[in-house]
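Please consult the sequence and coordinates alongside the text.

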Amino acid sequence: MVKNQIVTITIEDIGNDGEGIGKYEGYTLFVKGALPQDVVKVKVLKAKKTYGYAKVEELISPSPDRVTPKCPVTGRCGGCQLQHYSYARQLQYKADKVRNCLFRIGGIPEERLNMITEPVIGMEIPFYYRNKAQYPVGTDKEGNPVMGFYAGHSHHIIDCTDCAIQEPVNAMILPTIKQFVRERKISAYNEETGKGLLRHVLTRVGFHTKEVMVCLIINGRKFPGADELALRVAKVVEEFRKEPETGAGTYRLKSFCLNINTKKTNVILGQEILPVYGDNYITDYIGNIKYQISPLSFYQVNPKQTVKLYEKALEYAELSGNETVWDLYCGIGTISLFLAQKAKRVYGVEIVPQAIEDAKVNSRINNIANAEFFTGAAEDVMPAKYKESNGTMKADVICVDPPRKGCEESLLDTVVAMEPKRIVYVSCDPATLARDVKYLEEKGYELTKVCPVDQFGHTGHVETVAKLCKTDF
Ligand code: SAH
């Protein structure tokens, strides 16, 4: 196979990032945007020894699972990878991904997987689900402002202010800001030169409260006309009513603020926040727990599915009210406070100090007195505390919700030493989940339940809740 060669193939499988996989005379080709059962004429972009990358030249015969995407920038925008795949198939793909990882990497036999795997929990409406958006701002060739999302694996901005997976109120806010920027000739930040004012627009919406936050991330300390823009945004937000498809409700601008980021960096947010209008936070609920969310807080982006995820975690924790629970990688204490309602005592550990501050505020506003939080890396805090206690520190249930790279072995060793009856593992990457499950199985725990949950429809990501039980208990 050589570069620029054109071949016709049938797509047989789908890869980790949602790309189609097909073979030409035994040679594997990865084809972006192609789906299983598509027959496609493709052009080879890059040819390695045994595999290569190709792009679709012509869709000769479409897969029966192909659907028309809702969003006009699908395929160009890097946000979604699977909008052209039927939602039922997307869910199947995610369930298979979890299963394959646990089988191949985790070494869990198929018969056991058949018994312990629960059906994937999908969304009722797989659109308009995200409560947070960060739109990069730039300039097109004619010098007009563009706002939208990055194209896949690049920093090229695809202009799109009406994203099909975001809260629909954004479709009112973004054009208002864009119009203002155009009128006042406010410069967009340029990543190469480090010049220009407006870098990103961050929006957050309380799913239950309908409180809206708009935060402009700027390369400076002042945004000309910020007060006036806030009033304009407040007006369009209040005029907006949700479409019947997504449920009724009235929105209100609760927070309009500036975030200062004058560094030449890929990191979106700076540390300092300046208020313009309203408070510096919005409030929302997960179940009956109230959370205060600032522009800097980590907060789950799909509130409807988060409840289902946490309820599954709660179910797997099997709490009766007498348990000591540790929630590692606790963020702003979301899972900790959810579990605290049913446990004797909950301890949370999280590396970001600001998140721990939020967790403490959240305990207070919910009158939860049996939760305590510690700042630091779980793999440092836990072994140190365990050592300090001379091995007397025990737990009934330990919950972990690590980032994609999973848990360090030193942490898992401490978890095992604390002899919890159950470990609840919430994972955003099935490959590292499987690796850690294998390690825990070797140390006397058994994987007894697995449930994939779709938190990110139309993307290749899948969240999983897993339950491990101590075998000699
Ligand atoms: N359980 C929370 C957050 C999960 S996201 C929720 O459901 O909302 C993972 C969290 O792990 C993030 O808040 C991140 O800041 C934190 N984190 C990353 N590395 C960590 C480490 N080594 N130790 C502790 N926390 C860490």
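## Loop residues with positive phi

Does Lys 185 count as buried or exposed? Lys 185 counts as exposed, because its relative accessibility is 74%; the class limits are under 20% relative accessible area for buried, over 50% for exposed and in between for partly exposed, with a 1.4 Å probe and protein chains only. This residue sits in the loop that runs between α3 (170-183) and β9 (198-205), where helices (H or I, at least four residues) and strands (E, at least two) are DSSP runs numbered from the N terminus. Lys 185 is not a glycine, yet its phi is positive, about 55°.

Glu 318, likewise not a glycine, has a positive phi of about 45°. It belongs to the loop between α5 (303-317) and β15, and its relative accessibility of 42% makes it partly exposed.

## Basis of the model and domains

The model is predicted, so local features require pLDDT of at least 70 and side-chain atom pairs pLDDT 80 or more, whereas totals for chains, interfaces and linings use all residues. Residues are numbered from 1 along each chain as its sequence is written, and side-chain values use heavy atoms, with hydrogens and water left out.

Three domains divide the protein chain: domain 1 (6-61), domain 2 (110-122 + 302-470) and domain 3 (132-293). These bounds come from an automatic or database domain assignment. Taken over C-alpha atoms, the centres of domain 1 and domain 2 are 39 Å apart.

## The ligand and its shell

The ligand is surrounded by 17 residues, of which the closest are Gln 300, Tyr 310, Thr 334, Glu 350 and Ala 378; a residue is near a molecule if one of its heavy atoms lies within 4 Å of it. By class the shell comprises ten nonpolar, four polar and three charged residues. In this scheme Ala, Val, Leu, Ile, Met, Phe, Trp, Tyr, Cys and Pro are nonpolar, Asp, Glu, Lys and Arg are charged, and the others, Gly among them, are polar. Helices α6 (334-340) and α8 (378-388) each contribute at least two residues to the shell.

Polar contacts are pairs of N or O atoms within 3.5 Å; within protein, one atom must be able to donate a hydrogen and the other to accept it, and residues adjacent in sequence count only if both atoms are side-chain atoms. An N or O atom in the side chain of Glu 350 is 2.7 Å from an oxygen atom of the ligand. A nitrogen atom of the ligand lies 3.1 Å from a polar backbone atom of Tyr 329, and a polar side-chain atom of Glu 379 is 3.0 Å from a nitrogen atom of the ligand. Of the 570 Å² of accessible area that the ligand has on its own, the protein covers 88%; the areas come from the Shrake-Rupley method with a 1.4 Å probe.

Lys 94 lies in helix α1 and counts as buried because its relative accessibility is 0%. Contact means heavy atoms within 4.5 Å. Not counting residues up to four places away in sequence, Lys 94 touches Asp 454, Phe 456, Gly 457, His 458, Thr 459, Gly 460, His 461 and Val 462.

Asn 362, in helix α7 (residues 353-365), is buried at 0% relative accessibility. A polar atom of its side chain lies 2.9 Å from the backbone nitrogen of Gln 292. Beyond four places in sequence, the contacts of Asn 362 are Lys 290, Tyr 291, Gln 292, Ile 332 and Leu 337. In helix α9 (residues 409-417), the buried residues are Leu 411, Leu 412, Thr 414, Val 415 and Val 416. They pack against elements including β15 (324-328), β18 (397-400) and α10 (430-442).

Cys 77 is placed in the loop between β5 (51-61) and α1 (87-104) and is buried, with 15% relative accessibility. Its C-alpha is 4.4 Å from that of Ala 151, although the two residues are 74 apart in sequence.

Pro 403, in the loop between β18 and α9, is partly exposed at 47% relative accessibility. Leaving aside neighbours within four places in sequence, Pro 403 is in contact with Tyr 329 and Cys 428.
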